[in-house]
Amino acid sequence: MDNRQKLEKMDRALRLLDDLQKSQVAMVEKSSKLQMDAMEFNFSDMEKNMGDLFSRYNQSLDLINAELERFEIKRNQFEMKHGLDKDEGLSPKGD
């Protein structure tokens, strides 16, 4: 695999991480909404469980955000190191 192909594969990975991040944000928002609904319905078990899920999803989101940031830096360094940022006007995320 040449450097251009590696960069394209890194761009695909960035897109997947971005998709994963968006999905995780949705999970955080939905669990929070369900927790609030459970409070209104006075369903204490559901309220507790959704609170637990919210915490777990939020921790996962923090991990995804950190990995996305780290990987994007590595990807950009790879691009610059190999002079791929000068070729064909390729944007950092392959957009």
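Helices (H or I, at least four residues) and strands (E, at least two) are taken here as DSSP runs, numbered from the N terminus. The model is predicted, so local features need pLDDT of at least 70 and side-chain atom pairs count only at pLDDT 80 or more, whereas totals for chains, interfaces and linings use all residues. Residues are numbered from 1 along each chain as its sequence is written, and side-chain values use heavy atoms, with hydrogens and water left out.

The axes of the two helices, lines fitted to C-alpha atoms over the stretch in contact, come within 8 Å and cross at roughly 160°, with angles running from 0 to 180 degrees between N-to-C directions. Helix 1 and helix 2 are therefore roughly antiparallel, a term for angles over 145 degrees. The residues of their contact comprise 22 nonpolar, ten polar and eight charged; Ala, Val, Leu, Ile, Met, Phe, Trp, Tyr, Cys and Pro count as nonpolar, Asp, Glu, Lys and Arg as charged, and the others, Gly among them, as polar.

Most residues other than glycine have a negative phi. Asn 42, although not a glycine, has a positive phi of about 60°. Asn 42 is also exposed, at 66% relative accessibility (exposed means over 50% relative accessible area, buried under 20%, and partly exposed in between, with a 1.4 Å probe and protein chains only).

The structure holds one aromatic pair. Phe 41 and Phe 43 form this pair, with 5.6 Å centre to centre and 50° between the planes, a tilted arrangement; rings pair if their centres lie within 6.5 Å, and planes under 30 degrees apart count as stacked, over 60 as edge-to-face and the rest as tilted. Phe 41 is partly exposed at 48% relative accessibility, and Phe 43 is partly exposed with a relative accessible area of 45%.

Definitions and conventions:
Rings of Phe, Tyr and Trp (its six-membered ring) pair if their centres lie within 6.5 Å; planes under 30 degrees apart count as stacked, over 60 as edge-to-face and the rest as tilted. Angles under 35 degrees count as roughly parallel, over 145 as roughly antiparallel, 65 to 115 as roughly perpendicular and the rest as oblique.
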